[in-house]
Structure formats: structure tokens, C-alpha cells
Amino acid sequence: MAAMPYTHGEIPDLSTVWLRAFLEVARHGSFTGAARTLGWTQSAVSRQVASLEAELGGGPLFDRLPRGVRLTEAGRLLVPYAETVAAALHDARRDLGTLREAVGGRLRFAAFATADAALVPHALALFRARRPRVRVTREEGFTPALLDRLTAGHLELAVVSTTGRAPLESYELHHLLDEPLYVAVPDGHPLAGHEGPVPLGRFADADWISGSPRPEGTLLDAALRQGFRPRVAHVVGEWTAKQGYVAAGLGVTLVPALAAESVRPDITLLRILDAGAPARAVYAATVRGRSLTPAAVAFLDALREAAAKIPA
């Protein structure tokens, strides 16, 4: 029959010092040899063994002989259990040391899709070079869903943005960058050769390509803040498809800075003139009050490093 697990209050109150002394006496067959190995006095070893015997019911674990000691039946029964406890504590100490050094363990994180275009790959490459033994699990999704996963304990960290009006206030936010926006226009657009930032209002009458028919909760919130409601002519979810629509002259679309490096050559990006706050901020979000694992701390450092290299 399998042993029943201990419930609260049933675990014996045994000192690991007692078990260590017991194992050394059993190994050497004498209190003197155990004391020499442990660097203790013989009387100290004897006291530890006596304390263990008392806690386990008072019966002797060793027969005291004229020359050394010999395990009693109870002592022989206890040896494998004591060795298992000692081995488990040794393994726990080793694994905790590995965890503290962030050379092992695991990292579970997620990011919104645009962050996966440049920020996350650069950060992950840095992290992998420094912590090759950490098991990494990555997810992708929209910020609100990532925050739910974070709260539920499925993630240690999530790279999120202020797009979507997600309730970020209840999380610990580690600022990574303020991300400007660009308007993508076809090469033949009248503003394609314009130098310098362009007010978003210049595109108030344009056809827009967006992932949603409504601007609320999307990048096009920036247009609402500028006082006009964009006319969404084409709803296209996939990023490369949006570029195809722009290149065909079917409208314009917004491109965040994190995706600016991956645009096709037959469209032009025009920097939007920021009026007040930047279009969106990007954060590494963690659960407030929840301790970060060393691996998560190391990955957060890598994210900050990678974010510093993203063109403003």
C-alpha cells in the first residue's frame, strides 16, 4: 500500500542535525569517528543522537558496545529514511542555488504580436546567450488576454502596451519604451516624399486599413485623440496583408515603431507628429507583490537592453 502523505501537523519535528549525527555514527560505527568527521566533540554527537532517540519514542538506535556501536533493529530501519531526507535536502539546496543564479529553472513569458517583431527576439537572444539552461516558454496574444494569464499565474512576465485600454494600474509596470507611430502610405502618395513628422489630422479624410472596424481600443485611438474618427475601409488582421493593401493604394494604415523594420519596400512610413503623450507605451508587466524569479529578473534586464536599441 502506498504511504499516505503527511497532512499539516503530522510531520515529525526532527532536526537535520540529529539525522546528520545519526548517519555519521552509523557510517563509522563509533561516536569517536563521527565526531572526528563532523568536527564536533564526542559528547556533542552523543547528545544529538540521544535527542533523536527521544523524539522517535525513546528506544535506542545503537547498541553501545565496548568497542564502538552497532545499529539496533530500529536504527537499521531508520537509516534509509535518514539517507533519503539527507539526499532530498542536498538536492533542494543545489536546485535553489541554481535558481538563485538563474542558470537553470524556467521562464514563462508572453508578448503582444508587434513586440515579437523586434524587441522580444533581440531580448531573447541576449537572454539565451547568458542563461542557456533556462527552459523558456513563450506565448503571444493581445494585452488584455496576456494580463489574465499573468494574473492566473501561468506567466512570470508579459510584454504589454497601452493599446486596447487594458487595466494596467493593478500591475507592476517596468517601462521599456515609448513607441511612436508611423502612417504607412503607398510610394505614389502625395506625402511620400515629405520630410519630418506629419500631423495625423492630414489623414482625416483617408481610407484606413485596420484590424478592427472600430478604432476604439486599437492603434487608431490616436486618431480619436486628434479629434477625428477614421474611416475604416478595409478590415485586415494580418500585418503583411495590411502592407499589401497599402501598396495597392487601397488606403493607409498605422505602423508602430516596433514593426517599422519589417515593412515592404514599396510603401513609405511617415512619422506622426506627437501631440502630448506618445502614441503608446510598452511595458514588461508583472503581478504586484509577487516575487520575480531570478530568470525573470534576468529576462527583464535583457528586455531593457533590447529596448534601448530600438530606434526612437
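Start by selecting E179, which lies in strand β6. The structure on your screen is a predicted model, so every stop on this tour is a stop in a prediction.

**Stop 1**

Is E179 buried or exposed? E179 counts as buried, because its relative accessibility is 0% and the cut-off for buried is under 20%. A polar atom of the E179 side chain sits 3.3 Å from the backbone nitrogen of A257. For the backbone nitrogen of L258, the distance to a polar atom of that E179 side chain is 2.8 Å. Keep L258 selected, as the next stop uses it.

**Stop 2: I310**

Move on to I310, found in the segment after α9. With a relative accessible area of 13%, I310 is buried, because the limit for that word is under 20%. Which residues does I310 touch, not counting those up to four places away in sequence? They are A118, L119, L177 and L258. Draw a line between the C-alpha atoms of I310 and L258: these residues are 52 apart in sequence, and the line spans 7.3 Å.

**Stop 3: L119 and the largest nonpolar core**

From I310, step across to L119. Setting aside neighbours within four places in sequence, L119 has contacts with V159, L176, L258, V282, L303, A306, A307 and I310. Next, colour L119, V159 and L303 together: in the largest nonpolar core, which has 29 residues, these three touch the most other members. Which elements give two or more residues to this core? Select β3 (106-111), α5 (119-130), β5 (157-161), β6 (171-179), β12 (280-287) and α9 (294-308) to see them. The element that gives the most is α9, with 9 residues. Another core lies apart from this one; it has 20 residues, including A21, L23, F31 and V69.

**Stop 4: helix α2**

Take F31 as your way into helix α2, which covers residues 31-38. Within α2, the buried residues are F31, G33, A34, A35 and L38. What covers them? Then look at both ends of the helix. At the start of α2, a side-chain oxygen of S30 comes within 2.9 Å of the backbone nitrogen of G33. Just after α2, G39 has a positive phi of about 75 degrees.

**Stop 5: the largest pocket**

Rolling a probe the size of a water molecule over the atoms shows where empty space is left. The volume of the largest pocket is about 820 Å³. To find the pocket, select A113, T114, F142, L219 and K242, the closest to its centre among the 31 residues that line it. Elements that each supply at least two lining residues are α6 (143-151), β8 (207-210), α8 (239-247) and β10 (253-256). Coloured by class, the lining shows 13 nonpolar, 14 polar and 4 charged residues.

**Stop 6: A247**

Finish in helix α8, where you will find A247. A247 counts as partly exposed, because its relative accessibility is 25%, between the limits of 20% and 50%. Beyond residues up to four places away in sequence, A247 touches P186, R264, D266 and I267.

Key. Residues are numbered from 1 along each chain as its sequence is written. This is a predicted model: local features need pLDDT of at least 70, side-chain atom pairs count only at pLDDT 80 or more; totals for chains, interfaces and linings use all residues. Side-chain values use heavy atoms; hydrogens and water are left out. A nonpolar core is a set of buried Ala, Val, Leu, Ile, Met, Phe, Trp, Tyr and Cys residues joined through side-chain atoms within 4.5 Å. Buried means under 20% relative accessible area, exposed over 50%, partly exposed in between (1.4 Å probe, protein chains only). Helices (H or I, at least four residues) and strands (E, at least two) are DSSP runs, numbered from the N terminus. Contact means heavy atoms within 4.5 Å. On a 1 Å grid over the protein atoms alone, a cavity is a set of points where a 1.4 Å probe fits but cannot get out, and a pocket is an open set with protein on both sides within 12 Å along at least five of seven lines; lining residues have an atom within 4 Å of a point. Grid points are joined across faces, edges and corners, and a volume is the space filled by probe spheres set on the points. Ala, Val, Leu, Ile, Met, Phe, Trp, Tyr, Cys and Pro count as nonpolar, Asp, Glu, Lys and Arg as charged, and the others, Gly among them, as polar. A polar contact is a pair of N or O atoms within 3.5 Å; within protein, one must be able to donate a hydrogen and the other to accept it, and residues adjacent in sequence count only if both atoms are side-chain atoms.
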